[in-house]
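This report describes a structure in terms of its fold, its chain contact and selected side-chain pairs. Please read it alongside the sequence and the model.

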Amino acid sequence: MEILTSLGLGFSVAVQPLHLALLLFGCFAGTLIGAMPGLGPVNGVAILIPLTFAFGFDATASLILLSAVYFGCMYGGRISSILLNIPGDEPAVMTTLDGYPMAQKGQAANALAISGVASFVGATVAIVGLTLFAPLLARAAIYFGPADYFALYVMAFATIGGLAGVDPRKTLLSALIGLMIATIGLDPATGIPRYTGGSFDLYDGIDPIVALVGLFAISELMFLLEKTIKDRDTAIKLDTWIPDLKVVFGTGWATVRGSVVGFVAGVLPGAGASLGAVMSYSIEKQVSNKNGSFGKGDPKGVAAPEAGNNSASAGALIPMLSLGVPGSGTTAVMLAMLISLNVQPGPLLFERQPDLVWGLVASLYMANVMLLVLNLPLIGLFTRLMAVPTWALMPLVVAISFIGVYSISNSTFDLYIMIAFGVLGYVLRKLDITLVPLVLGLLLGADMENNLRRALSISGGDYGVLIASWISIALYIATAAFLALSVWLALRDKKRAADAS
Amino acid sequence: MSIRLAGVAIFLVAALYAWTAQDYTASFGDVLGPSVFPVMVGIPAMALALSLVVFPGGSVSWPSGPRLLRQAMALAALIAYALLLEPLGFPLATAAVIAAVAMVLDGPAIKSVLIGIAGSLSLWVLFDQLLGLPIDFLGTLFGG
């Protein structure tokens with residue numbers, strides 16, 4: 001009952017004209033950003049954050065806009081996967097496996113419709129999960145003390161890189177680099193300037209938003225310049241958008257399985273949408289690949305990963321909202337925006353700003369319906385817009401990033417910081433060091449230090465307080481288990497690669 | 001090799017970071033002080049970087065000469081933009097950076113310039129006229 005009342009409040013927030021307009025714009029822009037090769041949810045959302053500041057939106061409106069873009073990207077990513085065989089964003093990689101072969105067989109309309117419906121079901125399952133579980137998790141998290149939060153942050157840094165075959169040392173290093181950058185500026189407790197090199201511009205520290213735009217938008221430009229720019233890939237033409245309903249509904253169970261698997265992957269810290277898509281595809285393959293049709297255009301191979309990545313991306317909002325610890329790269333970027341607007345996600349958010357939390361949840365229900373409507377009949381429009389060449393698109397993206405960053409403080413100093421982070425991001429990505437832990441370190445560093453401070457001042461300087469509660473002990477054990485598992489997986493992959501060569 | 005070099009670089013930065021932290025002292029109040037947390041971060045970073053030097057993982061292929069040149073040109077355009085934004089004013093500098101980046105991305109020259117002009121004017125209208133951000137039309141060079 002309580003949840004229904006909260007949802008009612010949410011819908012009353014969500015139907016305000018400004019919020020509705022932002023929702024519709026976000027869904028449209030998100031689908032487009034997701035469909036453009038090279039632009040995905042992380043850089044799309046990062047670029048839009050300074051703009052929401054420029055427009056002067058409050059936290060609720062900004063969060064609604066960014067979530068709509070985030071969801072839209074998840075829908076849009078599949079369009080270029082299916083028609084171009086180029087994933088629009090990372091989670092859409094799995095969709096190319098069966099989506100493109102389907103399109104080659106002349107079933108592009110079916111593939112697009114299946115992925116659209118699967119996205120809808122996946123996201124809906126996850127939003128219902130968000131509605132039910134996020135408040136519960138928030139209620140449990142109220143019992144967390146400072147030492148427990150410190151342990152939670154340690155766990156977040158250790159796990160955010162995910163299990164997907166990356167060297168765990170590089171992930172941890174990335175988080176530590178982020179924490180180092182976070183300590184630049186005046187120490188909040190003692191007022192001593194740290195690592196500023198005497199520059200007053202650095203006394204406030206590095207604005208995470210400026211760093212983010214550099215890390216994601218500028219480094220993407222560098223990556224683009226490194227690749228050969230081929231003549232435009234020719235997209236498979238779409239004669240009709242009207243799908244064969246029998247084929248679409250034949251994938252029902254694959255969609256349901258994908259949604260559930262994706263949701264679990266999304267809620268787990270650090271997994272995010274990519275892992276959700278990979279896991280749902282491989283599980284579906286084991287369940288229904290009876291005659292080896294997977295990889296050759298099996299509709300179920302389109303439905304499962306699409307349901308999975310949409311469900312995971314909504315699931316990733318749960319730890320972000322209720323613990324303040326994001327479950328994926330894009331939610332980390334959204335967290336940066338909330339912190340910049342002085343909204344601290346976490347258990348208290350549900351009590352202090354129910355209109356923000358529930359307004360967001362209600363908006364997500366509505367965004368999902370809007371996206372389904374946008375993505376079925378209007379699919380032809382998106383496929384045409386997708387054909388804008390990269391050389392025309394990327395410079396505009398760069399210009400928008402610059403204006404957005406400049407508008408935050410009206411200083412060119414931030415522009416240099418942004419460019420520097422762009423180069424740093426490019427080099428780290430080349431070294432296979434993922435940027436998401438770095439962002440998380442940069443965002444949560446101050447809070448982590450504060451919680452350590454609080455814990456130690458309660459105990460009078462005794463470090464034993466850090467492992468004095470069962471919550472923190474459990475979190476450290478989970479962290480250790482996760483790290484052991486990822487080291488084991490990394491070693492196994494290495495051995496396999498050695499065997500294969 | 002690149003991984004080893006990066007490991008060395010990160011090790012040195014982390015060592016300098018942890019070393020510098022020792023100088024941060026506050027005589028009052030706080031139990032933790034300003035130096036403990038940076039040391040807690042710096043030392044594991046040193047250890048991990050060192051492990052990358054000893055056991056490097058993965059390999060890196062850097063872009064070849066012409067590509068590297070393109071990247072350098074794009075970076076130069078971005079830095080020039082940051083330098084020239086205030087002297088030249090928003091529309092002129094933005095049109096130039098859009099056109100430059102488009103050309104580095106192999107866009108045809110005339111079309112790139114046209115996109116630069118169109119893009120910069122529409123962004124100026126959006127940000128200055130509609131949103132009321134204080135962006136000067138003419139820069140300090142022209143007395144704007």
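## Overall form of chain A

The model is predicted. Chain A contains 22 helices and 2 strands. Its C-alpha atoms fill a box of roughly 70 × 60 × 50 Å along the principal axes.

The radius of gyration of chain A is 22 Å, which agrees with the value near 23 Å that a compact globule of 501 residues would have. Of the 501 residues in chain A, 61% count as buried. Among contacts in chain A with a separation of 6 or more, 80% are between residues 24 or more positions apart.

## Contact between chain B and chain A

The contact involves 68 residues from chain B and 63 residues from chain A. About 5,700 Å² is buried between the two chains, and carbon and sulfur atoms give 79% of that area. On the chain B side, the residues that lose the most area to chain A are B:Phe37, B:Leu78 and B:Leu105, which together make up 12% of what that side buries.

Between chain B and chain A there are 0 salt bridges, while 12 residue pairs are in polar contact, both residues being at pLDDT 80 or more. In chain B, α1 (2-21), α2 (36-54), α3 (65-88), α4 (90-104) and α5 (109-130) each supply at least two residues of the side that touches chain A. The largest share of that side, 12 residues, comes from α3(B). By residue type, the side of chain B that touches chain A divides into 49 nonpolar, 13 polar and 6 charged residues.

Over all chains, the count is 9 salt bridges. In one of them, A:Glu220 pairs with A:Arg429, with the closest N and O atoms 3.3 Å apart. A:Glu220 lies in helix α9 (residues 208-226) of chain A and A:Arg429 in helix α20 of chain A, so this pair ties together parts that are 209 residues apart in sequence. A:Glu220 is buried because its relative accessibility is 12%, whereas A:Arg429 is partly exposed at 26%.

A:Glu226 forms a salt bridge with A:Lys430, and here the closest N and O atoms are 2.9 Å apart. A:Glu226 lies in helix α9 of chain A and A:Lys430 in helix α20 of chain A, so the pair ties together parts 204 residues apart in sequence. A:Glu226 is buried, with a relative accessible area of 16%, and A:Lys430 is buried at 12%.

A:Glu449 and A:Arg453 meet in a salt bridge with an N to O distance of 3.5 Å. Both residues lie in helix α21 of chain A, 4 residues apart, or about one turn of the helix. A:Glu449 is buried at 2% relative accessibility, and A:Arg453 is buried at 6%. Salt bridges with shared partners join A:Asp187, A:Arg194, A:Glu449 and A:Arg453 into one network.

## Loop residues with positive phi

A:Asn342 is a residue other than glycine with a positive phi, near 65°. A:Asn342 lies in the loop between α15 (329-340) and α16 (347-352) of chain A. Its relative accessibility is 74%, so A:Asn342 counts as exposed.

A:Asp432 is not a glycine either, and has a positive phi of about 70°. A:Asp432 is placed in the loop between α20 (412-430) and α21 (436-459) of chain A. With a relative accessible area of 45%, A:Asp432 is partly exposed.

Notes:
Residues numbered from 1 in each chain as written. Chains lettered and ligands numbered in written order. Heavy atoms only, no water. Contact = heavy atoms within 4.5 Å. Buried area = accessible area lost by both parts, 1.4 Å probe. Salt bridge = Lys/Arg side-chain N within 4 Å of Asp/Glu carboxyl O. Polar contact = N/O pair within 3.5 Å; in protein donor to acceptor, adjacent residues only side chain to side chain. Nonpolar A, V, L, I, M, F, W, Y, C, P; charged D, E, K, R; others polar. Rg over C-alpha atoms; globule rule 2.2 N^0.38 Å. Buried < 20%, exposed > 50% of the residue type's maximum accessible area, 1.4 Å probe, protein only.
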